[in-house]
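Have a look at the structure first, then read on.

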Amino acid sequence: MVGKLTGFLGNLLSGGGTKSVDKEPERSEGVDHNGYTIYAAPKPSGSQWNLAGVVAKEIDGEQREHAYIRADTYTSKEDAEKFSIAKGRQLVDERGDKLFD
């Protein structure tokens, strides 16, 4: 009984017997900002788009990245990209290299 319950809960929590693989969102062309590169990567959310992106910088010869996603949604992918870049700039201005800690 315990084995069946554990298996049932495991399937329930993992989304069933088959796992879907989330495709990595497409990144926009990078935008340079104060030595960082910001990529918009909005994620589809039903018929809308979530604000999401990546801030990247090479530090000591190593490419470092910080991905971010917010609950903000937009009706067009273009608006989501625009605001994703703006959020990336804000993160760089507020946190700088601490983004990668």
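Two strands count as paired if DSSP finds at least two bridges between them. Helices (H or I, at least four residues) and strands (E, at least two) are DSSP runs, numbered from the N terminus. Keep in mind that this is a predicted model: local features need pLDDT of at least 70, side-chain atom pairs count only at pLDDT 80 or more, and totals for chains, interfaces and linings use all residues. Residues are numbered from 1 along each chain as its sequence is written, and side-chain values use heavy atoms, with hydrogens and water left out.

**Hairpins**

- Strands β3 and β4 make a hairpin with two residues between them, and G46 in that turn has a positive phi of about 65°.
- β3 (residues 43–45) runs antiparallel to β4, with three bridges joining them; across this pairing, P44 has W49 as its bridge partner.
- β4 goes on to form a hairpin with β5, again with two residues between the strands, and here it's D60 in the turn that has a positive phi, of about 50°.

**Aromatic pairs**

- Rings of Phe, Tyr and Trp (its six-membered ring) pair if their centres lie within 6.5 Å; planes under 30 degrees apart count as stacked, over 60 as edge-to-face and the rest as tilted. By that rule there are two aromatic pairs.
- One of them is Y36 with F100, stacked at 6.4 Å centre to centre with 20° between the planes. This pair ties together distant parts of the chain, as Y36 is in strand β2 and F100 is in the segment after α2 (77–95), 64 residues apart.
- Both Y36 and F100 are buried (under 20% relative accessible area; exposed is over 50%, partly exposed in between, with a 1.4 Å probe and protein chains only).
- Y74 and F83 are stacked because their ring centres are 4.9 Å apart and their planes are at 5°. Y74 counts as buried at 17% relative accessibility, while F83 is partly exposed at 35%.

**Charges over rings**

- A charge sits over a ring if NZ of Lys or CZ of Arg is within 6 Å of the ring centre and within 35 degrees of the ring normal.
- K57 puts its charged end over the ring of Y36, 4.6 Å from the centre.
- R27 lies over the face of Y39, 5.2 Å from the ring centre.
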